[in-house]
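Student: I would like to learn how to read a structure, one feature at a time. Could you walk me through this one?

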Amino acid sequence: MTIILTSLVFASLLGAILALIIGTAAKAFAVESDPRIETVTDMLPGANCGGCGYAGCADFAKAVVEGAAMPSGCPVAPASDSARIAEYLGITSEEKEKMVAVVRCSGTISTTVRSPYNGIQDCRSAVLVAGGAKGCDYGCLGLASCARACPFNAIEIRDGLAVVHPELCVGCGKCVDVCPKDLIVLVPASVEVHVYCNSPEKGAVKRKVCKTACIACRKCIKAADNEDQMIVKGFLVETNYDNPPLPDLVEKAACPTTALRLASKHAAGEYEGVSK
Amino acid sequence: MSNKPRKFKGGVHPNDSKALSAAKAVVNAPLLDKYTVIVHQNIGAPPELLVKKGDVVKKGALLAKAAGFVSVPLHAPTSGTVTAIDKCAGPTGISVPSIQITADGADEWGSPFEPITDWQSAEPADLKQRVWDAGIVGMGGAGFPAHVKLSPQKPVDTLILNGAECEPYLTADHRLMLEQAEDVVLGAAILARILGLETATIGVEDNKPDAIGALSKVAGKYNIKVQGLPVNYPQGAEKQLIYTLAGREVPIGGLPMDVGCVVQNVASAVAVADAVVKGLPSIERITTVTGEPLVNPGNWRFRLGTPISKAIELAGGVKVQPAKLLLGGPMMGFAQSSLDVTVMKNTSGILLIPAEQVSQYTSEPCIRCGRCVECCPMDILPATISQAVENERFDLAAKLNVLACIECGSCSYVCPSHRPLNQHFKRAKAEILAARRKEQKK
């Protein structure tokens with residue numbers, strides 16, 4: 001009986017002393033933190049994708065509360081969410097255009113020809129061995145480094161080609177950094193027409209290795225409402241994202257190699273097997 | 001220099017398959033109608049082009065000049081007209097700038113410099129300048145400019161000539177040492193003079209006793225030593241060779257000059273001898289064209305810019321369809337996807353491999369058997385590093401000294417799980433160096 005009593009007394013005493021120490025320490029070394037940070041963190045998507053440039057959602061929330069970043073800096077949160085955060089903090093948030101990623105290549109395994117590749121299934125490793133399996137030096141290697149980097153599963157590898165699904169893409173830019181061929185760019189989501197080719201080589205050289213390369217025939221430039229909508233850079237045409245063409249350009253231009261595509265139709269695979 | 005060669009740690013013993021071409025004397029390849037000379041043939045900066053389309057050039061004329069110290073000039077392989085400056089298939093699978101020369105058939109010399117016949121009294125600095133002017137690079141495979149190695153920032157007391165040729169299948173250096181033993185020794189003597197040394201050692205693997213014999217016969221003329229080396233891949237790697245012959249270990253991240261050594265390939269030594277004594281720039285090299293699928297494997301002296309397809313034609317074509325084509329040997333060579341790639345200054349071999357020898361392995365998880373650790377000549381831990389790379393922990397890979405890896409491929413060769421260890425290290429090195437460059441820019 002005494003053993004139980006003694007141990008009870010000692011345990012309670014020890015507990016009381018430790019509680020006193022912890023209590024004092026908590027008061028003395030307390031770190032002031034803004035309770036709003038936690039609230040804002042809860043209002044963010046919580047994907048921790050890093051697309052905003054901060055270490056994660058909590059870090060971004062801290063920056064927003066401190067005024068270093070705008071709520072619209074989160075590429076994932078829809079405009080309504082950013083507005084809600086701005087309202088909570090009592091600030092006015094700027095509207096930011098939604099961006100999506102575009103993989104500027106349309107060369108699938110069936111349209112580009114070369115050698116088999118049996119090494120590490122990663123674009124950044126493959127590019128070090130023999131430039132990868134595809135014939136084009138500039139094309140998508142199709143080994144899914146970008147798809148693995150995407151926190152939102154917005155990139156699909158189809159027939160050896162990375163295809164972005166614009167409705168899933170939030171424009172965080174993670175894929176841009178991992179592509180060893182620098183093929184991926186972030187463009188305004190409102191623009192539908194893109195040139196799915198990134199090879200600066202001459203048309204004849206490109207056609208030798210890929211059936212769907214842009215050969216700079218300028219059909220799309222002539223078909224555009226005004227010539228400024230598509231820009232020629234060497235042997236490659238690009239969409240002018242500052243003055244984008246309307247989606248009907250793709251049909252009007254009738255690109256002979258189908259390098260000019262609508263993002264949604266490209267994602268749905270409607271151009272496969274069209275070019276000969 | 002120690003007397004007895006010591007065996008370096010690790011290494012492997014692949015079947016050397018040298019018998020296919022070892023007995024075949026070097027044949028001068030016939031003159032072609034067209035040569036496609038790749039502009040960037042050296043490690044370091046690509047040379048600056050001096051010619052344009054339509055220019056008429058003589059054999060040996062300067063096509064491009066060195067752009068900076070770690071860069072070498074490029075010379076015309078034959079006389080003719082520059083018909084195109086365009087891209088062609090490159091040895092790494094990416095197309096590269098090239099100069100196309102359509103031969104006029106006269107093959108007329110227009111060497112940019114005179115022979116230095118009295119090299120024994122010439123200034124070492126002049127000789128070194130000649131090595132640079134002649135565009136000589138490490139012809140064993142790396143393509144590192146020879147004159148840079150001959151300008152050590154630290155005192156050097158040992159010159160080693162690399163005649164190990166430890167890569168399986170390759171016999172180009174073997175034939176060179178056998179047929180041009182005097183030139184090898186002469187080159188060694190000139191290199192020694194440039195470095196201010198009295199002697200040099202030529203290291204040859206013991207599986208080439210005839211080459212050792214031929215060299216030993218003439219070596220005494222210039223006080224050059226010839227030393228047999230234990231047969232062990234990668235005996236011809238610079239650091240392993242220095243350890244074997246001089247008993248010194250090059251520190252991690254260091255260069256041979258850190259331990260007072262300079263290593264040059266025997267083919268580079270012959271190129272040096274030709275440049276100095278005959279006044280010839282580096283426009284040709286001996287290349288082994290070999291492999292079981294070939295009708296007539298052998299060794300040829302090719303001009304720079306000879307397409308691989310021509311080389312295979314000279315070797316009688318193929319009797320069975322090859323499954324893989326490599327530039328260099330089977331251990332460190334580069335797989336090719338085009339027959340239009342042309343012979344460069346560092347193309348030691350063109351190797352065709354039949355389908356039954358190319359296994360399409362799938363990589364399995366590491367079973368921690370430790371064979372890669374045992375065979376690693378650089379004493380790093382391939383298994384551990386490869387796991388770090390798989391998890392994209394390049395910081396960890398750097399800590400485990402992945403940068404010391406010489407990419408000899410011994411670990412990939414012995415791995416029972418067929419793990420692509422060498423490719424992992426290539427990736428890690430590229431990532432670490434890119435990160436360091438980024439850091440420096442900041």
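Student: How many residues of domain 1 of chain A are in contact with domain 2 of chain A?

Tutor: Keep in mind that we are looking at a predicted model. In chain A, domain 1 covers 35-89 and domain 2 covers 99-267. Their contact takes 6 residues from domain 1 and 7 residues from domain 2. By class, the domain 1 side of that contact has 4 nonpolar, 2 polar and no charged residues. The C-alpha centres of the two domains lie 31 Å apart.

Student: And how is chain B divided?

Tutor: Chain B has a domain 1 made of two stretches, 1-27 + 113-358, and a domain 2 at 371-441. Here the C-alpha centres lie 26 Å apart. Each domain of chain B gives 15 residues to the contact. On the domain 1 side, 9 are nonpolar, 4 polar and 2 charged.

Student: Now strands. Is β1(A) buried or exposed?

Tutor: Start with the general idea: in a regular strand, side chains alternate between the two faces of the sheet. Now the case here: 5 of the 5 residues of β1(A), residues 99-103, are buried, so the strand is largely enclosed by the rest of the structure. On one side sit A:Met99, A:Ala101 and A:Val103, on the other A:Val100 and A:Val102, and both faces are covered.

Student: Which strand does β1(A) pair with, and in what sense?

Tutor: Strands of a sheet pair through backbone hydrogen bonds, either parallel or antiparallel. The partner of β1(A) is β4(A), residues 184-188, and the pairing is antiparallel over 5 bridges. Look for A:Val103, which stands opposite A:Ile184.

Student: What is the order of the strands in the open sheet of chain B?

Tutor: Its 4 strands run β11-β10-β9-β12, with parallel pairing. At the edges stand β11 (225-229) and β12 (261-265), each with a single partner strand, so one side of each has no neighbour in the sheet. From one strand to the next, the twist averages 25 degrees. Further in, β9(B) and β10(B) pair over 4 bridges, and B:Ile160 has B:Thr201 as its bridge partner. Helix α5(B), residues 209-219, packs on this sheet and touches β9, β10 and β11; its direction makes about 165 degrees with that of β11(B).

Student: Which residues of helix α1(B) are buried?

Tutor: In α1(B), residues 124-133, the buried ones are B:Leu127, B:Lys128, B:Arg130, B:Val131, B:Trp132 and B:Asp133. They pack against α2, α4 and α7 of chain B. After the helix comes B:Gly135, with a positive phi near 70 degrees.

Student: Which residues touch the most other members of the largest nonpolar core?

Tutor: They are B:Val184, B:Ala188, B:Leu191, B:Leu215 and B:Val272, in a core of 186 residues. Helix α4(B), residues 181-195, gives the most to this core, with 11 residues. Leaving aside neighbours within four places in sequence, the contacts of B:Leu215 include B:Met177, B:Ile202 and B:Val226. Apart from this core lies another, of 11 residues, among them A:Cys52 and A:Phe60.

Definitions and conventions:
Residues are numbered from 1 along each chain as its sequence is written. Chains are lettered from A and ligands numbered from 1 in the order in which they are written. This is a predicted model: local features need pLDDT of at least 70, side-chain atom pairs count only at pLDDT 80 or more; totals for chains, interfaces and linings use all residues. A residue is buried if 20 or more other C-beta atoms lie within 10 Å of its own, exposed if 12 or fewer, and partly exposed in between; C-beta atoms are placed from the backbone. Helices (H or I, at least four residues) and strands (E, at least two) are DSSP runs, numbered from the N terminus. Two strands pair if DSSP finds at least two bridges between them. Domain bounds come from an automatic or database domain assignment. Two residues are in contact if their C-beta atoms, placed from the backbone, lie within 7 Å. Ala, Val, Leu, Ile, Met, Phe, Trp, Tyr, Cys and Pro count as nonpolar, Asp, Glu, Lys and Arg as charged, and the others, Gly among them, as polar. A nonpolar core is a set of buried Ala, Val, Leu, Ile, Met, Phe, Trp, Tyr and Cys residues joined through C-beta atoms within 7 Å. Axes are lines fitted to C-alpha atoms, for helices over the stretch in contact, and angles run from 0 to 180 degrees between N-to-C directions.
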